[in-house]
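I kept each entry brief, with the cut-offs noted alongside.

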Amino acid sequence: MASILDSEPFNQALFFPRGDASPPPPGAIDRFAEVGGARVHVRAYAAPGARCTLLLFHGNGEVVADYDAAAERFAAIGAALAVAEFRGYGQSTGAPTLRAVIDDARPLAELVPGERVIVMGRSLGGAAAHELFARPTARIAGVVLESAFCDLGRLIARRGIAPPAAFTADERATFSPTDKLARGRLPLLVLHGAADTIVRPDEARAAHDAATAAASRALVYVPGRGHNDVSRGDEYWAALAGFVAHVAA
């Protein structure tokens with residue numbers, strides 16, 4: 001029986017793609033990975049003196065160019081920002097699916113420059129970060145989850161679809177954040193808005209608690225912030241700067 005997580009109704013309800021043809025700002029480079037018949041976009045920003053590259057898998061409804069203005073803020077904490085697109089978003093071709101986000105994570109991680117890489121998954125981009133936490137490439141040194149989902153049943157229910165009573169072993173191995181977090185060994189930082197009403201803060205707690213074998217793990221709730229404004233809190237940048245310093249040491 002086919003998984004609901006691979007079904008067209010679920011994936012059409014899950015993703016909100018939009019195109020964007022914005023050229024890279026000065027110093028940034030656009031790169032593309034050929035994956036599964038699609039061409040997927042990554043934009044890497046210049047940051048002289050950066051201690052690592054931070055590869056960000058963005059949230060739903062966003063595109064790479066939305067982060068052009070944020071690159072300097074990441075550079076200020078020692079990270080050269082690179083942002084990965086989903087299929088069908090921005091300059092990427094193909095159709096977005098949850099499985100494609102997961103399958104594309106490793107080839108996209110191989111595209112980014114730098115000897116040390118921190119992977120960051122924001123919201124729906126957490127699916128890629130979960131995968132790379134469980135199965136990192138050689139250069140990945142740490143993972144950050146920002147406002148990321150953790151409960152598969154809730155993810156489906158938020159799309160107005162009834163989740164199954166239980167998930168199969170294959171579904172859990174492929175899609176389940178908690179199963180992947182339990183397998184990972186890298187340092188992990190979980191950032192979440194304390195007032196998030198879309199992905200509730202208890203999912204951040206569940207993600208943190210699942211990563212029992214992580215080299216280090218921290219959970220930071222940003223006071224007064226919700227799902228889409230968590231990066232406006234000072235606590236967000238302080239925690240991220242500390243994690244970059246820790247992983248890059």
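Predicted model: local features only at pLDDT ≥ 70, side-chain atom pairs only at ≥ 80, totals over all residues.

**Helix H3.** I began with H3, which has 14 residues and reaches 20 Å from its first C-alpha to its last, close to the 20 Å expected at 1.5 Å a residue. The expected span is 1.5 Å times one less than the number of residues in the helix. Helices (H or I, at least four residues) and strands (E, at least two) are DSSP runs, numbered from the N terminus.

Residues are numbered from 1 along each chain as its sequence is written, and side-chain values use heavy atoms, with hydrogens and water left out.

Where does H3 kink? I found a kink of about 40° at Ala105, shortly before the proline Pro107. The bend at a residue is the angle between axes fitted to the seven residues ending there and the seven starting there.

I then listed the buried residues of H3: Leu98, Ala100, Val101, Ile102, Asp104, Ala105, Leu108, Ala109 and Leu111. Buried means under 20% relative accessible area, exposed over 50%, and partly exposed in between (1.4 Å probe, protein chains only). A reminder to myself: an α-helix has 3.6 residues a turn, so residues three or four places apart point the same way.

**Aromatic rings.** How many aromatic pairs does the structure hold? I noted five. Rings of Phe, Tyr and Trp (its six-membered ring) pair if their centres lie within 6.5 Å; planes under 30 degrees apart count as stacked, over 60 as edge-to-face and the rest as tilted.

One of the five aromatic pairs is Phe15 with Phe86, which is edge-to-face because the ring centres are 6.0 Å apart and the planes at 80°. This pair links distant parts of the chain, 71 residues apart: Phe15 sits in the loop between helix H1 (8-14) and strand S1 (29-35), and Phe86 in the loop between strand S4 (79-84) and helix H3 (98-111). Phe15 is buried at 4% relative accessibility, and Phe86 is buried at 2%.

Phe15 also pairs with Tyr89, with centres 6.4 Å apart and planes at 75°, so I logged that pair as edge-to-face. Tyr89 lies in the loop between S4 and H3 and Phe15 in the loop between H1 and S1, so the pair ties together parts that are 74 residues apart in sequence. Tyr89 is buried, with a relative accessible area of 0%. Phe15, Phe86 and Tyr89 form one aromatic cluster.

**A charge over a ring.** The charged end of Arg39 sits over the ring of Phe32, 3.8 Å from its centre. The test asks for NZ of Lys or CZ of Arg within 6 Å of the ring centre and within 35 degrees of the ring normal.

**His41.** I located His41 in strand S2 (residues 38-44). Is His41 buried or exposed? His41 is buried, at a relative accessible area of 2%. Beyond residues up to four places away in sequence, His41 touches several residues, including Asp30, Phe32, Val64 and Glu85 (contact means heavy atoms within 4.5 Å).

**Two serines with positive phi.** Ser123 has phi near 55°, a positive value in a residue other than glycine. Ser123 lies in the loop between strand S5 (117-122) and helix H4 (126-134) and is buried at 11% relative accessibility. For Ser147, phi is near 55°; Ser147 is in the loop between strand S6 (140-146) and helix H5 (152-157), buried at 0%.
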